Amino acid sequence: MFPALQALTTHERAIVQNGPWWLVKWLDMRFAQRDYTMKSYALSGKILTLTGRMSVFRGRHLLEPEFVEVIENDHLSHWLWGDYRFLSGDDKSTWYYLLKSGAQMMYVPDALTVTIENISGSPINRMIENLRRWCGNTLRNGARAIALGPKRTGFFIWWCLIDQRLSVWTMLTGHLIILTLSLTRTEAFIPAALLWIAFSRLSASVILFHSARRLDLSFPFLLYFNQLVGALIRIYILFRLPLQKWKNRGDQKQGYEGHADIKNWVANYLILFYCAGIFLIVLLFLGVVSVPALPDFGMPDI
């Protein structure tokens, strides 16, 4: 039916073993969120990932040496950390390989892949590790995909990639505005903001209820928590892109090499610099501080 189709990936849900109830609900919420966004992406003829757990490719790609090489030995480059290996070969790397060739891709929501999450150790640490892996892969691979341009990727997918980068900072900016207004104007901004957060996440969860095929009132809270913690993790990873850890791949790791202490210091400085810059912009936007006018030196008219 689709002779131009080059790859597809399927719907997914998780079975959690040895994990608490809240982790089960969090993964249910995550996969429901994945389902409805992937449906939206697929309407453009592209998607944002070819999940390693279940994807299907045209056989000719598997015989291309470049395709095999990108799975086995994909590398990225960063201005601070230099060249480093990208561990997500069967996920984002294969997707980027097809994306840069303009290949058509599809998401199949009616085909379900079930994965087993066996939780050992702290479930909170496992959740944070999953977020670090998902958010990190998005940041690591997003920059080179954006560089392909909207003509190659299609405008919708290209804008979604940019939106992923912007959302790193919008969550922080919104909370800084709330805190600044409550401290400088009136404390009434806090309950008003809480009502808006509750209303907006509940409205977004209505779509998740449809994807998950059930009504779960924990979804609005989990969605907000996922967005807030995910934003903080992405800010941390943004300047530490080589730091990778795959708990579900035998604890596979990728760390820093060469002058790691100095580079870590630079990464910390950049995080503080960017956050301080956003805070200053918020203060200027709200009129809490103002830019002083240039002095009048009384230059004579000529």
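I take helices (H or I, at least four residues) and strands (E, at least two) as DSSP runs, numbered from the N terminus.

**Basis.** I note that this is a predicted model, in which local features need pLDDT of at least 70 and side-chain atom pairs count only at pLDDT 80 or more, while totals for chains, interfaces and linings use all residues. Residues are numbered from 1 along each chain as its sequence is written, and side-chain values use heavy atoms, with hydrogens and water left out.

**Helix α8.** I looked up Ser211 and placed it in helix α8, residues 189-212. I call a residue buried under 20% relative accessible area, exposed over 50% and partly exposed in between (1.4 Å probe, protein chains only). Ser211 has 11% relative accessibility and therefore counts as buried. For contacts I required heavy atoms within 4.5 Å. Not counting residues up to four places away in sequence, Ser211 touches Ala32, Asp35 and Tyr36.

I then listed the buried residues of α8; among them are Ala193, Ile197, Arg201, Leu208 and Phe209. The buried residues of this helix pack against α1 (21-42), α7 and α9 (219-238).

With 24 residues, α8 reaches 33 Å from its first C-alpha to its last, close to the expected 34 Å. I computed the bend at a residue as the angle between axes fitted to the seven residues ending there and the seven starting there. α8 bends by about 25° at Val206. Just after α8, Arg213 takes a positive phi of about 60°.

**Helix α7.** I applied the length check to α7, residues 155-184. Its 30 residues should span 44 Å, and the end C-alpha atoms are 41 Å apart, which agrees. The bend I found in α7 is about 35°, at Leu166.

**Ile124.** I located Ile124 in helix α5, residues 123-146. Ile124 is partly exposed, with a relative accessible area of 45%. From Ile124 to Trp196 I count 72 residues in sequence and 27 Å in space, C-alpha to C-alpha.

**Cysteines.** How many disulfides does a search of the whole structure find? With a disulfide taken as a pair of cysteine sulfur atoms within 2.5 Å, the search finds zero. Cys160 is in no disulfide either, as its nearest cysteine sulfur, that of Cys135, is 16 Å away. I recorded Cys135 as buried, at a relative accessible area of 10%, and Cys160 as buried at 11%.

Methods
Expected span 1.5 Å × (residues − 1).
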